[in-house]
Amino acid sequence: MKVLKFGGTSVGSVDSIKTVISILEENLSKGERIAVVFSAMGGVTNRLIEIGKMAAAGNTEYVEFLKGVEERHFAVVRGLIPVKNQSSTFAAVRGLFNELEDILRGVSWIRELSERTLDFIMSFGERLSTLVITEILKSKGVAAEFCDARQVIRTNAAYGMGDVNFEITNHLILEHFAKSTALQCITGFIASTAEGVTTTLGRGGSDYTASIVGAALEADSIEIWTDVDGMMTADPRKVANAFTIPSISYAEAMELSHFGAKVIYPPSLQPAFAKNITLKVLNTFNTGFEGTYVQKSANGKEYVITGISSIDEIALVNIQGSGMIGVAGISGRLFTALSNNAISVILISQASSEHSICFSIDPKNAQKAIDVLEKEFATEIGLGHIDGISVEKNLSIVAIVGEGMKKNTGISGKLFSALGKNGINVVATAQGSSELNISVVISKSDLSKALNAIHGVFFQSETRSLNLFIVGVGLIGSTLIEQIRNQTKFLRDEKLLNLNIAGLSNTKKMLLDPDGIKPENWRDRVMDEGVKTSLPAFVQRMIELNLPNSVFVDCTSDKDIVQYYHMLLDASISVVTPNKVANSGSYSEYIALQRTALQRGVKFLYETNVGAGLPIINTIQGLMASGDKFLKIEAILSGTLSYIFNNFGGDNRFVDIVKEAKAKGFTEPDPRDDLSGADVGRKILILSREVGVPLEPEEVKISQILPGNCLNAPTVDAFFGELEISNAYFADMQAAAEARGEKLRYIAALENGKATIELKTVDASHPFYTLSGSDNIVSFTTERYKDRPLVIKGPGAGAEVTASGVFADIMSISSYLG
Ligand SMILES: NC(=O)C1=CN([C@@H]2O[C@H](COP(=O)(O)OP(=O)(O)OC[C@H]3O[C@@H](n4cnc5c(N)ncnc54)[C@H](O)[C@@H]3O)[C@@H](O)[C@H]2O)C=CC1
Ligand SMILES: N[C@@H](CC=O)C(=O)O
Ligand code: NA
């Protein structure tokens, strides 16, 4: 025997009822004995309540509303019963509506709607839907019988939530089913008292009916047909990556539902659980899908936790005082007082110091809880043994649930680290000794971020998302987006990582879209949908969006953008940038950014500040962390100048080589920054700081290679004009070096705490002699690399190598966030 139950949306329209009929026919065709329970058509119960209230208020418009309800049922009859068989069903439906109209007329006359009357009015929902579907089945030749559950389910007279008398009910059900072999179509949700007065079963009522019937008949299974793909790992409206849980235990289902999962209401399934009946949650609108099995013990678990649940809005009450330490009975009195006042407690936490107890409740009970407790502990408060009672609102609870917690260690570590890395503060926490659930109380504004971050770390085999906000889409920014585009498939398939570009800004327009801006059409979208660029608004919006795993990518050379880094890091948003401005300002600024990132548990990464994609900063940080000491750095740190000195000579004009370097994307947005030595100055300054020498910008000694007229040119155009007329100056310099068999090299050095940059000539024996293209070279002499320095060499400027360095920084954040 199998019991099937179809919910409101499953029986809500002609089309969905067609599917229901075919599901039933398929079961019958297998020769399986089944019984079926129906809810009212979707929305009808609420409509009937509304109609009842309108009638009680003397609002005669209820008549129109009732017509609407009637029409929905008529439409089903017209749509699914052959014309020749329709009239008797129309008459039966009309008969029920006549009865309902009479009652409502009475309600409107007396202007009173008791719980008892409301139960009776609501009963029409299930009676109508079940009647109509039974007739449809009969018209198709199925031996079906309408079963009014009021004949077989007995409750007391607690209207709105009747208490079932199982002894009598089980007996009545068995007796009823012994009488007939026809398919029983049972009205969900309703029951009656011994006197025959109609009652209802409360929340999850039709599931309860199925569960009561299934348990009484000792069914092999119960199928709950609903409008979603079973129970999900998290609320799919909040977590886009949520997926169906294939198998879940009764206990887990209970825990998840306690924390708000609405697909099934396990307390109503208790009778079935008690008889060990397997439950399946299936989707009428996706019949091929496996759905969720709910069983005594879940099998084949792939993940250590089963699901994540939450309560959107709770209040946290805290009671504390030195007089509570070691005093027995305080918590007993506390919770008794709450219980006597019908205040339900959702979560309790007490530190072992016994100095305080906090618990969470529905916020609508917050004031009542304070009043009750202030009264209960008036004496202790008066004596100062209890400091007082405080309430914090705008909080949410997130709970991870799963039997896997009993067997595995490190689960709470993983939970708290996911929260920590996303800057989510945990206000209170509780773990039951059943080890089935760990709950955390957090700020309501962090709820969606927390759910997504936690879901990401626990359901690893699903794709994780990193949310990128890219400002500046010039050479490096646009190349980065292109690289992301080319890697999207690889990262998704091989690394289970989704790089979601959630924001983009150029100097004119900006666009933020948490659902992602595709790298294929970002230009069009920013142009068409973007709004006028405002950096403060961009940053503000990012912080408001509060997406998990957010990364701000600054691909500008803007000096003012840096002021936002603090704000971003402080909001637990990582920052990745090739822009050197932040790290080459004052030392205090540099160190403050490092500290903020550290404190907030996020990353500030800038490998491309020096040598573009070459692993220079990472190498230093690795050596420093492992205790090496830097004695000397010698380096060529300008891709532009390297390119110039590698290619200038012969018939080439200096100005043309500079223009070539610019065209190849080696120069700074303003090439004067390269030729003036300013860019190299920033780089050696950053290296100094990384190796622990706290220099200020003005302490870097830069010797100029440019003649005064070029150096002082007011605009980029004027600068190129001056270069045109200064060719001889550079040509002489180059020729002199060549004559000696040497090459011009602009070398930065750090030694004995002093940073210098000089134009030198080197002969063939010098390690810096053989360079080509935009090569950078860095030589580190350290205590460990003393006799033979550690050398890093390669292209140190250009779109591809720089963008890939930025990309690598982004990837290292993704592995950090796990
Ligand atoms: N080109 C290279 O080889 C390397 C460049 N870098 C650094 O990368 C950064 C970008 O360089 P490129 O892409 O070559 O320069 P670029 O000039 O091509 O791109 C910078 C873009 O940022 C935009 N921008 C400036 N301020 C902005 C703001 N407030 N909001 C939105 N957009 C803004 C500009 O309009 C421009 O489109 C610079 O900081 C540079 O120092 C670092 C290493 C190597
Ligand atoms: N303009 C810079 C680019 C890298 O930082 C250079 O030429 O090295
Ligand atoms: Na680098």
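Which polar backbone atom lies 2.7 Å from an oxygen atom of ligand 1? That atom belongs to Gly798, and the points below walk you through its surroundings.

1. Before you start: this is a predicted model, in which local features need pLDDT of at least 70 and side-chain atom pairs count only at pLDDT 80 or more, while totals for chains, interfaces and linings use all residues. Residues are numbered from 1 along each chain as its sequence is written, chains are lettered from A and ligands numbered from 1 in the order in which they are written, and side-chain values use heavy atoms, with hydrogens and water left out.

2. Now the polar contacts of ligand 1 (pairs of N or O atoms within 3.5 Å). A polar backbone atom of Leu475 is 2.9 Å from an oxygen atom of the ligand, and a polar side-chain atom of Lys580 is 3.4 Å from an oxygen atom of ligand 1. The protein covers 83% of the 820 Å² of accessible area that ligand 1 has on its own (Shrake-Rupley method, 1.4 Å probe).

3. On to ligand 2, which is surrounded by 13 residues, the closest being Gly639, Thr640, Phe666, Glu668 and Asp674. Its shell has 3 nonpolar, 5 polar and 5 charged residues.

4. Thr640 comes within 2.6 Å of an oxygen atom of the ligand, Glu668 is 2.7 Å from a nitrogen atom, and Lys683 is 2.8 Å from an oxygen atom. The protein covers 93% of the 250 Å² of accessible area that ligand 2 has on its own. Helix H21 (639–647) and helix H24 (678–690) are the elements that give two or more residues to this shell (helices are DSSP runs of H or I, at least four residues).

5. Finally, the salt bridges: the structure holds 39 (a side-chain nitrogen of Lys or Arg within 4 Å of a carboxyl oxygen of Asp or Glu). One of them joins Glu482 and Arg485, whose closest N and O atoms are 3.4 Å apart. Both lie in helix H15 (residues 475–495), 3 residues apart, about one turn of the helix.

Note on methods
Near = heavy atom within 4 Å. Polar contact = N/O pair within 3.5 Å; in protein donor to acceptor, adjacent residues only side chain to side chain. Nonpolar A, V, L, I, M, F, W, Y, C, P; charged D, E, K, R; others polar.
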